[in-house]
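Please examine the sequence and the structure below before reading on.

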Amino acid sequence: MRYAILIHESASDFAARNDAERAPQYWGAWKAYNAALVAAGVITGGAALQGPDTSTMVRLADGKRRVQDGPYADTKEQIGGFMLIDVPDLDQALHWAALCPAAASGAVEVRPILPLM
């Protein structure tokens, strides 16, 4: 079964990506996690996302496009990326989510992929 692992990171985690002192540890943890997913043969895709300040939200209201630059809410975590995995069941998906570096400082959401009709 296919699952999305949605990675919610704090502002501090986003800042660590480019911090000269913290970046090696931050990216090292992600490289190790990705390597484990690859070695297990469960990863099917994914990507890191740029920070919430680079996002743009589009909505339709009364048939008109409304565009708003991010960030949008005062929250503790923002989506920093996602992984797509293919594992036998939810327990295995939760296992991989718990190993995600963001689980220690942010949150990791697991969602089944909706099969195409």
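Predicted model: local features only at pLDDT ≥ 70, side-chain atom pairs only at ≥ 80, totals over all residues.

Residues are numbered from 1 along each chain as its sequence is written, and side-chain values use heavy atoms, leaving out hydrogens and water.

Four strands form an open sheet in the order β2-β5-β1-β6, with antiparallel pairing. Strands (E, at least two residues) and helices (H or I, at least four residues) are DSSP runs numbered from the N terminus, and two strands pair if DSSP finds at least two bridges between them. At the edges lie β2 (43–48) and β6 (107–112), each of which pairs on one side only. Strand β2 is joined to β5 (residues 77–86) by five bridges; Ala48 stands opposite Gly81 in β5.

Helix α2 packs on this sheet and touches β1 (2–10), β2 and β5. Contact here means heavy atoms within 4.5 Å. Helix α3 also packs on the sheet, touching β1, β5 and β6.

How do the two helices meet? Helix α2 (residues 23–40) and helix α3 (residues 90–99) pack at an angle of about 155°, with their axes 10 Å apart. Axes are lines fitted to C-alpha atoms, for helices over the stretch in contact, and angles run from 0 to 180 degrees between N-to-C directions. Helices α2 and α3 are therefore roughly antiparallel to each other, a term for angles over 145 degrees. Their contact is made by Tyr33, Ala36, Leu37 and Ala40 of α2 and Trp96, Ala97 and Leu99 of α3.

Conventions: Parallel < 35°, antiparallel > 145°, perpendicular 65-115°, else oblique.
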